[in-house]
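Please read them with the coordinates open.

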Amino acid sequence: VVSTQVRNKLIELLPSGEPRQESIALELNVSSSTLKRRLIAENTTFKALLDDVRERLAVGYLEPKEMSLTEITYLLGFSENSVFNRAFKRWKGMTPKQWQEQ
């Protein structure tokens, strides 16, 4: 399933910065438009998969409380903490710090 392959590549590439659809397509040896079509056939998009992978990883990274928010921001491929905070608030309705404290 293409979406599973994309998820795996996202997890692998996120610490290097936000992966682009084109780079994932290259990794999977297909064109960007082919990748887009195949994901649409699976009722998803690259952006939706990226968002979902980041959300799941964020929760997993926050649970043990062993990593700093800066480390998590980096591992999720966000450019800065404020961008991660906004995304997390959109996903969970609270900041990562509030999530850890609950």
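**Notes on helix packing, core and salt bridges**

1. Helices α4 and α6 are roughly perpendicular to each other (the class for angles of 65 to 115 degrees; under 35 counts as roughly parallel, over 145 as roughly antiparallel, and the rest as oblique). The angle between them is about 95°, and their axes are 11 Å apart. Axes are lines fitted to C-alpha atoms, for helices over the stretch in contact, and angles run from 0 to 180 degrees between N-to-C directions. Helices are DSSP runs (H or I, at least four residues), as are strands (E, at least two), numbered from the N terminus.

2. The model is predicted: local features need pLDDT of at least 70 and side-chain atom pairs count only at pLDDT 80 or more, while totals for chains, interfaces and linings use all residues. Residues are numbered from 1 along each chain as its sequence is written, and side-chain values use heavy atoms, with hydrogens and water left out.

3. Which residues make the contact between α4 and α6? From α4 they are Asp 51, Arg 54, Glu 55, Ala 58, Val 59 and Leu 62, and from α6 Phe 84, Phe 88, Arg 90, Trp 91 and Lys 92 (contact: heavy atoms within 4.5 Å). By class, this contact has 6 nonpolar, no polar and 5 charged residues. Ala, Val, Leu, Ile, Met, Phe, Trp, Tyr, Cys and Pro count as nonpolar, Asp, Glu, Lys and Arg as charged, and the others, Gly among them, as polar.

4. The largest nonpolar core has 29 residues, of which Val 6, Leu 10, Ile 24, Leu 35, Leu 76, Phe 84 and Phe 88 touch the most other members. Such a core is a set of buried Ala, Val, Leu, Ile, Met, Phe, Trp, Tyr and Cys residues joined through side-chain atoms within 4.5 Å. At least two of its residues come from each of α1 (2-13), α2 (21-27), α3 (32-41), α4 (46-62), α5 (69-75) and α6 (81-92). The most are given by α4, with 9 residues.

5. Leu 76 is in contact with Leu 14, Arg 54, Leu 57, Ala 58, Tyr 61 and Phe 84, leaving aside neighbours within four places in sequence.

6. The whole structure holds 8 salt bridges (a side-chain nitrogen of Lys or Arg within 4 Å of a carboxyl oxygen of Asp or Glu). One of them joins Glu 18 and Arg 54, at 3.5 Å, N to O. Glu 18 is in the loop between α1 and α2 and Arg 54 in helix α4, so this pair ties together parts that are 36 residues apart in sequence. Arg 54 is buried, at 5% relative accessibility (buried: under 20% relative accessible area; exposed: over 50%; partly exposed: in between; 1.4 Å probe, protein chains only).

7. Within helix α1, Lys 9 and Glu 12 lie 3 residues apart, about one turn of the helix, and their side chains form a salt bridge at 3.6 Å, N to O. Lys 9 is buried at 18%, whereas Glu 12 is partly exposed at 48%.

8. Arg 20 and Glu 22 also form a salt bridge, with the closest N and O atoms 3.3 Å apart. Arg 20 is exposed at 54%, and Glu 22 is partly exposed at 38%. A network of salt bridges links Arg 7, Asp 52 and Arg 56.

9. Two loop residues deserve a backbone check. Asn 29, in the loop between α2 and α3, has a positive phi near 60° without being a glycine, and is exposed at 70%. Lys 65, in the loop between α4 and α5, has a positive phi of about 60° and is not a glycine either.
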